Amino acid sequence: MKFLKFFLIVIILFPLSSINAEENDIRNKITKNLRCLICQGQSVYDSDSEFANSLKIVVDKKLQEGLSEDQIYEYFKTKYGEWILYDPGLNKNTYILWLLPILIFLIGGAIIYKSFIVKK
Amino acid sequence: MKNKILPFSVIIIFGIIFFIFYKGLEDSKIYTPDVNTKKEIPVFNTKEFFSGENVKSSRIFEADKVYLLNIWSSWCVPCRQEHPLLMNLNLENKLNIIGMNYKDNLKNAENFLKELGNPYKEIFIDLDGTIAIEWGAYGVPESFLIYNNEIIKKYIGPLNQELVDEINLLIK
């Protein structure tokens, strides 16, 4: 009987804890991608400032409301601007940021190709 | 001739990059959100400061009226500095100043108002700081000039005489 009770408790608790862990994972992922505006250079996840703590509460609330990760980013973007995200999306302000590495790679490749391969 | 072009262009490119980065050093690295964009004010539920009753934001902010929302806290030192200016603003014109008490101990907040005066027409509380985030604020003090349920201007940090003059100009 004791064993049955224990078994039941494990069965009941197990899926709950895994759901919880999943929610924590996504919450940590989101707060790691949000920049703390008070303590600039730190993520909200790392920071313990008043602002960061409130932001964590808001992220929790939004997750409970069923918003997706992108929807939460979008919400903070409208409130604070693109800068709050560590991982900015591709738009007219950031296309140089995204395309420059590719451009440099192509130019570098062209130089290497010209000076080493064509010469031979 | 051909051999000379490559090193020469490399030097020029490095020169340009160095110049851009050197100029970049002068820019401030402290980011402040845009303060001039017009935005609709958020909708939220909160509690009234003195009575503790639930209030809706739509009841506090009416259309066709000018409001100054001031986020304050008794533990915030710059709030203490700007408080006399708010008192003056309240006396000099009919601007409705709304207070938002940010993450505060209510007893301390009441003592703060007793000591320095109460310029606010209405005060509501934000215990966990989430309403401030709805407003796009990230610290205390911050002030929002509101007209017709729209944020006209946002002031980050304590108000000073210059900003008060600007507010007076804007609301005329």
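Predicted model: local features only at pLDDT ≥ 70, side-chain atom pairs only at ≥ 80, totals over all residues.

Tutor: Happy to! The part I have picked is chain B, whose secondary structure comes to 6 helices and 8 strands. Along the sequence these elements follow the pattern α-β-β-β-α-β-α-β-α-β-α-β-β-α. Chain B is more spread out than a compact globule, because its radius of gyration is 23 Å, well over the 16 Å that the globule rule gives for 172 residues. Along the principal axes, the C-alpha atoms of chain B fill a box of roughly 85 × 35 × 30 Å.

Now let's look at how chain B is packed. Buried residues make up 30% of its 172 residues.

P42(B) sits in the loop between β1 (39-40) and β2 (45-48) of chain B. Leaving out residues up to four places away in sequence, P42(B) touches S57(B), E134(B) and W135(B). P42(B) is also 9.3 Å from G136(B), C-alpha to C-alpha, although 94 residues separate the two in sequence. P42(B) counts as partly exposed because it has 13 C-beta neighbours inside 10 Å, and a residue is called exposed at 12 or fewer.

Some other loops of chain B deserve a look at their backbone. Here is some background: most residues other than glycine have a negative phi, and most peptide bonds are trans. The bond from V140(B) to P141(B) is cis, with omega near -15°. P141(B) belongs to the loop between α5 and β7 of chain B. K103(B), in the loop between β5 and α4 (106-116), is not a glycine, yet has a positive phi of about 45°.

Finally, let's see how chain B meets its partner. The contact takes 13 residues from chain A and 13 residues from chain B. On the side of chain A that touches chain B, the largest share, 6 residues, comes from α2(A). The residues on that side of chain A divide into 8 nonpolar, 3 polar and 2 charged.

The largest nonpolar core has 41 residues, and L55(A), I71(B) and A132(B) have the most contacts inside it. From chain B, β4 (66-72), β5 (96-102), β6 (122-126), α5 (130-134) and β7 (142-147) each supply at least two residues of this core, as do α2 (50-64) and α3 (69-80) of chain A. L55(A) touches I133(B), along with L34(A) and V44(A), not counting residues up to four places away in sequence. As a general point, nonpolar side chains tend to be buried together in soluble globular proteins.

Terms used:
Residues numbered from 1 in each chain as written. Chains lettered and ligands numbered in written order. Core = buried A, V, L, I, M, F, W, Y, C linked by C-beta atoms within 7 Å. Buried ≥ 20, exposed ≤ 12 C-beta atoms within 10 Å, placed from the backbone. Helix = DSSP H or I, 4+ residues; strand = E, 2+ residues; numbered from the N terminus. Contact = placed C-beta atoms within 7 Å. Rg over C-alpha atoms; globule rule 2.2 N^0.38 Å. Nonpolar A, V, L, I, M, F, W, Y, C, P; charged D, E, K, R; others polar.
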